[in-house]
Amino acid sequence: DSLVSQREWVRWMSEERGVGVFVMHSWTKIWSCTGVRLGSVVAPSAEHMQAIKAKQVPWSVNCVALDFLSAAVRDEEFLQRTWEVTPVWRRHVVAELTKYFPEWQCRGRAFLSWVWVDTGDA
């Protein structure tokens, strides 16, 4: 579950606690495109987003990255295959980590491409 879907909690954190929660995504991980930098930011409010944009450099995304993004979002077959194999690969990574480091705890949901490893006091 992404914090993007937790709008009520994000608003509550901002209004009640004064904590601005920003959700940042690196979209290049799912498309395995090393060297291309693409991402997005979801800000707690329009004002927060305007403050970020005021500091954004004009060339923060180049034409190669934009062309790549245009093609990648249309490649439904790749995305579908990624959603199918990621849990399989992740289970393998968790199994190997558990085999070699049984005291470590692997966390995160099955669909995630990453594994949060709690090494305790290691």
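Modeller: A salt bridge is a side-chain nitrogen of Lys or Arg within 4 Å of a carboxyl oxygen of Asp or Glu. The model discussed here is predicted.

Colleague: How many salt bridges does the count come to by this rule?

Modeller: Glu-96 and Lys-99 form one of them, and Arg-107 with Asp-118 form another. Counted by the rule, the number of salt bridges is four.

Colleague: How far apart are the closest N and O atoms of Glu-96 and Lys-99?

Modeller: Glu-96 and Lys-99 are three residues apart in helix α5, which means about one helical turn separates them. A salt bridge needs its two atoms within 4 Å. For Glu-96 and Lys-99, the closest N and O atoms are apart by 3.4 Å.

Colleague: Is Lys-99 buried or exposed?

Modeller: The cut-offs are under 20% relative accessible area for buried and over 50% for exposed, with partly exposed in between. Lys-99 has a relative accessible area of 53%, so the class of Lys-99 is exposed.

Colleague: How many residues apart in sequence are the parts tied together by Arg-107 and Asp-118?

Modeller: Arg-107 and Asp-118 form a salt bridge, their closest N and O atoms being 3.2 Å apart. Arg-107 lies in strand β3 and Asp-118 in strand β4, so the pair ties together parts whose separation in sequence, in residues, is 11.

Colleague: Is Val-36 buried or exposed?

Modeller: Val-36 is found in the loop between α2 and β2. Buried requires under 20% relative accessible area. The value for Val-36 is 18%, so Val-36 is buried.

Colleague: What distance separates the C-alpha atoms of Val-36 and Ala-65?

Modeller: Both residues belong to the largest nonpolar core, which has seven residues. Leaving out residues up to four places away in sequence, Val-36 touches Thr-28, Ala-65 and Phe-68. Val-36 and Ala-65 are 29 residues apart along the chain, and their C-alpha atoms are separated by 5.9 Å.

Colleague: Which residues is Leu-79 in contact with, leaving aside its neighbours within four places in sequence?

Modeller: Leu-79 is one of the residues of the largest nonpolar core, which also includes Trp-31 and Ala-72. With the neighbours left aside, the contacts of Leu-79 are Ile-30, Trp-31 and Ala-72.

Colleague: Which element gives the most to the lining of the largest pocket?

Modeller: The largest pocket has a volume of about 850 Å³. Of the 25 residues that line it, those closest to its centre include Ile-30 and Trp-83. β1, α2 and α5 each supply at least two lining residues. With nine residues, the element that gives the most is α5.

Colleague: How many charged residues are in the lining of the second largest pocket?

Modeller: The second largest pocket has a volume of about 150 Å³. Its lining includes Met-24, Ser-40 and Lys-53. The lining divides into four nonpolar and three polar residues, and the number charged is one.

Key. Residues numbered from 1 in each chain as written. Predicted model: local features only at pLDDT ≥ 70, side-chain atom pairs only at ≥ 80, totals over all residues. Heavy atoms only, no water. Helix = DSSP H or I, 4+ residues; strand = E, 2+ residues; numbered from the N terminus. Buried < 20%, exposed > 50% of the residue type's maximum accessible area, 1.4 Å probe, protein only. Core = buried A, V, L, I, M, F, W, Y, C linked by side-chain atoms within 4.5 Å. Contact = heavy atoms within 4.5 Å. 1 Å grid on protein atoms, 1.4 Å probe; cavity = no way out; pocket = protein on both sides within 12 Å on 5 of 7 lines; lining within 4 Å. Points joined across faces, edges and corners; volume = space filled by probe spheres on them. Nonpolar A, V, L, I, M, F, W, Y, C, P; charged D, E, K, R; others polar.
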